[in-house]
Amino acid sequence: MLTGLITPSAGDATVAGFDVRSASQAIKRVAGILPEGLGLFDHLTIEEHLLLSGPIYGLTPAETRFRTDQLLRALGLYETRFTFADQSSHGMRKKTSLALALLHNPRVLFLDEPFEGIDPVTAITIATLLQNIARRGITVFLTSHALSIVDRLADTILVIRQGTIVWQSAAGELPSSLEEHYLTLVEPQKVEQLEWLGCSQS
Amino acid sequence: MAGLFAILKTLARLSWRDLRTLRSITGNNFIVFVLVVMYQQPQSVYFFFMILGVLMIGPLSADPLRKVPPDRLALWPLSPRERTILRFATPFLTPLVWIALPLVFLAGFSVAAALIAIVVALQLGLELHSRFTAGRPPRNAFRFVPAPPGRLGGLVRKNIRQMLSVLDPYLAILLSAGGFAYRMFAHNPDPEATVILSAVVGIAMSTSAQCLFGLDLPQGMVRYRLYPLRGWEILLSKGIAYLAILFVIVAPLAPLPGLGAGLIGLAFGHHTAVLQPLPQTRWRLTGGIIAPAGLVQIVTMTAVAIAIARESPLYLALAIVAYIVSLWFYGRLWDRLSE
């Protein structure tokens with residue numbers, strides 16, 4: 001709803017001082033978003049996605065080129081930059097969408113599962129990148145199931161279960177590690193026995 | 001052998017599903033146009049049927065075994081003998097072979113054999129190409145479509161690639177090539193014929209104007225909603241791509257009537273494109289809405305093309321105005337629907 005992808009049915013909210021109902025265009029200019037489905041075009045290469053988006057956000061061709069090259073190198077996409085989105089792995093697509101979210105230097109970042117499907121080295125790069133940009137005053141909204149990474153990154157933690165907030169506190173106020181605390185809040189699912197597994201060869 | 005039969009059964013099901021994607025043809029304006037011609041001038045319809053036949057050979061000849069991901073195929077515990085049987089049995093699951101078999105009785109053995117020879121040649125060619133290019137990064141022929149300058153340049157490039165990924169422009173190219181050949185080589189070519197053929201080329205492309213977002217669904221639409229772009233800008237980037245392709249195709253015939261028809265086709269096509277985005281499949285004819293959108297497109301496009309050629313080029317200005325009004329109206333509608 002804050003990203004403008006879902007229309008609010010009631011209530012008010014602002015993003016970077018802009019009302020989500022009346023100033024959706026202004027929010028789109030200042031927000032960087034990594035959506036759940038990644039929002040990529042099958043008919044464009046990884047690099048072309050970035051070169052397309054720069055001018056849309058008002059960057060000059062030279063700025064777009066410079067930032068594109070830096071982001072591609074930072075996220076380990078430079079070697080595969082000519083690969084079309086529909087021929088890329090999930091991790092490459094995820095990193096492309098993340099690069100698109102960062103390209104225009106947003107004031108607020110909304111990232112949906114940025115670490116899912118990402119190799120450990122790039123995950124550390126992204127985590128460091130997010131810490132750096134948060135220090136520079138950019139607000140980062142992060143939804144993730146990679147709890148160990150969230151534990152290290154987040155200032156404020158909010159746990160949602162079936163649409164309801166079940167925990168909200170500063171990261172330092174957690175009674176235990178985030179992973180342990182999460183499991184006390186959200187009961188683990190019962191494991192099916194699947195008795196046939198390992199009983200005989202077929 | 002049970003595993004092999006299960007695979008063959010699945011491949012037959014996949015081929016059948018693939019064949020069903022050709023149903024988009026029933027929502028294509030060009031088919032309606034051909035049916036009208038068939039009713040009024042049955043002798044003229046063979047040319048159009050021949051072109052449609054040529055166009056459909058490729059999609060109907062696809063090798064069913066290529067639908068199985070190579071890794072999955074390699075993982076299945078099949079013996080070498082079973083793999084050989086699979087390789088030789090799957091061509092019989094190709095839709096064009098299904099069409100060829102009854103033709104043995106209806107049109108004679110030579111026609112059926114010719115169709116099967118085409119299937120074998122195409123599948124063999126693709127197989128050899130795959131073997132030669134194995135291990136190399138996949139190539140995309142559309143990679144070299146340039147991006148026009150400007151804020152929307154990247155989007156226009158993407159849209160051109162999308163529009164070239166369905167069969168409609170290739171149908172239009174075949175029609176245009178036929179018309180151009182007639183103009184060049186006929187003894188006394190009728191000057192009106194090029195105008196009519198320009199309108200027909202426009203009609204062949206007109207369903208694409210209804211399906212502007214057909215290959216963007218679903219994730220491309222999410223990206224559009226994230227960009228700080230107005231609805232008219234998104235529609236304009238589609239329109240530029242559409243008109244650029246159409247102009248190149250009608251250039252050898254009658255460019256201005258063709259362009260006028262294209263502008264009108266877009267003006268009316270925006271309605272379906274914005275209010276009812278229809279998903280499309282690559283390498284198929286697009287499928288839109290025939291009544292009323294498609295019928296309105298066919299009638300108005302033909303009328304405008306003829307008016308520009310016979311009456312005055314000022315009708316082109318009228319088409320431009322109609323396009324701009326539609327761009328403004330449906331652009332606002334897009335904005336409202338997206339917020």
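At what angle do helix 12 (residues 231-250) of chain B and helix 13 (residues 255-275) of chain B pack, and how far apart are their axes? I was working with a predicted model, and I found an angle of about 150°, with the axes 9 Å apart. Angles over 145 degrees count as roughly antiparallel, so I noted helix 12 of chain B and helix 13 of chain B as roughly antiparallel to each other. The crossing of these two helices is right-handed.

Next I looked up who meets whom.

Then I turned to the domains. Chain B is divided into domain 1 (2-135) and domain 2 (150-338), and their centres, taken over C-alpha atoms, are separated by 29 Å. I found 16 residues of domain 1 of chain B in contact with 23 residues of domain 2 of chain B. On the domain 1 side, helix 3 of chain B gives the largest share, five residues. That side holds ten nonpolar, six polar and no charged residues.

Last, I checked the contact between chains. Chain B puts in 21 residues and chain A 24 residues. Helix 11 of chain B gives the most to the chain B side, with six residues. By class, I noted nine nonpolar, six polar and six charged residues on that side of chain B.

Technical notes. Residues are numbered from 1 along each chain as its sequence is written. Chains are lettered from A and ligands numbered from 1 in the order in which they are written. This is a predicted model: local features need pLDDT of at least 70, side-chain atom pairs count only at pLDDT 80 or more; totals for chains, interfaces and linings use all residues. Axes are lines fitted to C-alpha atoms, for helices over the stretch in contact, and angles run from 0 to 180 degrees between N-to-C directions. Helices (H or I, at least four residues) and strands (E, at least two) are DSSP runs, numbered from the N terminus. Angles under 35 degrees count as roughly parallel, over 145 as roughly antiparallel, 65 to 115 as roughly perpendicular and the rest as oblique. A crossing is left-handed if the near helix is turned anticlockwise from the far one by less than a right angle, and right-handed if clockwise. Two residues are in contact if their C-beta atoms, placed from the backbone, lie within 7 Å. Ala, Val, Leu, Ile, Met, Phe, Trp, Tyr, Cys and Pro count as nonpolar, Asp, Glu, Lys and Arg as charged, and the others, Gly among them, as polar. Domain bounds come from an automatic or database domain assignment.
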